[in-house]
Amino acid sequence: MKRKIFRWAIRIFVAILLLLGILVTLVLTPSLMYANKTSLGNFTVYHNKPLDKALQQRLDSATEILKTSEFYDANIKFSICMNDGSRYPALVQTFLGRAFALGYTSNKVTLCGEVNVKDNYVEVNGYKWNLVQLLAHEETHCLVFHKYGFWRSNPVAHHPLWKWEGYPEYISRRAAGQTDLVANIEKLNEAERKDKDSWGIGFADSTLSSKEYFHYRLLVQYCLDIKKMTYESLLKDTTSEQTTTTQMMNWYATQKNK
């Protein structure tokens, strides 16, 4: 009887490993779940439906933003996976969670929401995220993964979320009216005063960010622009989010009193 139980346990274990192996293979090989792939410069786009002609411009704009990162590498060839009928975005989200988009491994970006290339946004549950900035955000995750590898990247490395998500937001939010730290802090404070329970904070183009991610961006901007840290040194630094927030707000108070 014990031998039968042991054999069945082994079979179940092997079956689970085989299933996981198939799922991981599908995630790492998006071409298996798309009807078409199109090369656009340094990008390979996987899609089921015809691509909007404006996509090349959006990708190029994201690349220009990406060049501001200390980890930018022109040799990386990105794979962009569209949400246009394939089950691939849903599969990726079962592993990594629901999102507007996901950047993973050293070169893969999956758009998970409803994509409007012409009007430059991705929409989830009525919320719109700027498409170019979203691409730059997720591609920044890929750059960091490329730099540090699997074991020193999240979720394995357990870097604080404010550092891990704040840096891609810091890199991607480069539009007019988004780069001044004092103005950004005032914008978040005003949003908190008006509606403390609201999820998002809006921008001039009618897109938004979550308040949480916006706060993370401010902290990283403070550390990199004011404290003159590199992102690599920030990841190694042990100062807590709460302490960094206090330091930032003390700095903000001095700027307001000038």
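## Contacts, strands and helices in a predicted model

Ile76 touches Asn42, Ser106, Asn107, Leu143 and His146, leaving aside residues up to four places away in sequence. Contact here means heavy atoms within 4.5 Å. This is a predicted model, in which local features need pLDDT of at least 70 and side-chain atom pairs count only at pLDDT 80 or more, while totals for chains, interfaces and linings use all residues. Residues are numbered from 1 along each chain as its sequence is written, and side-chain values use heavy atoms, with hydrogens and water left out.

Where does Ile76 sit? Ile76 lies in the loop between helix H2 (55–66) and strand S3 (78–81). Helices (H or I, at least four residues) and strands (E, at least two) are DSSP runs, numbered from the N terminus. Ile76 has 8% relative accessibility, so it counts as buried. Buried means under 20% relative accessible area, exposed means over 50%, and partly exposed lies in between (1.4 Å probe, protein chains only). Asn107 is 31 residues from Ile76 in sequence, yet their C-alpha atoms are 6.8 Å apart in space.

**Strand pairs**

Two strands pair if DSSP finds at least two bridges between them. Here are some of the pairs.

| Strands | Direction | Bridges |
|---|---|---|
| S1 (residues 36–40) and S2 | antiparallel | 5 bridges |
| S2 and S3 | parallel | 4 bridges |
| S6 and S7 (residues 121–124) | antiparallel | 3 bridges |

S1 and S2 form a hairpin with 2 residues between them. Gly41 sits in that turn and has a positive phi of about 65°. Leu40 stands opposite Phe43 of S2. Phe43 also has a bridge partner in S3, namely Phe78. Why is S2 (residues 43–47) described as largely enclosed? In S2, 4 of the 5 residues are buried, so the rest of the structure largely encloses this strand.

**A sheet with a helix on it**

S6, S7 and S8 make an open sheet of 3 strands, in the order S6-S7-S8, with antiparallel pairing. S6 (114–116) and S8 (127–130) are the edge strands, and each pairs on one side only. Neighbouring strands of this sheet are turned by 25° against each other on average, direction ignored. Asn116 stands opposite Tyr121 in S7. Helix H4 (residues 131–148) packs on the sheet and touches S6, S7 and S8. The direction of H4 makes about 70° with that of S8.

**Two crossing helices**

The axes of helix H6 (residues 181–194) and helix H9 (residues 241–256) come within 11 Å and cross at roughly 110°. H6 is therefore roughly perpendicular to H9. That label covers 65 to 115 degrees; under 35 is roughly parallel, over 145 roughly antiparallel, and the rest oblique. Axes are lines fitted to C-alpha atoms, for helices over the stretch in contact, and angles run from 0 to 180 degrees between N-to-C directions.

Which residues make the contact? H6 brings Leu181, Val182, Ile185, Glu186 and Asn189. H9 brings Met248, Met249, Trp251, Tyr252, Gln255 and Lys256.

**Cysteines**

How many disulfides does the structure hold? The structure holds 0 disulfides. A disulfide is a pair of cysteine sulfur atoms within 2.5 Å. For Cys81, the closest cysteine sulfur is in Cys112, 9.4 Å away, which is too far for a bond. Cys81 is buried, with a relative accessible area of 0%. Cys112 also counts as buried, at 10% relative accessibility.
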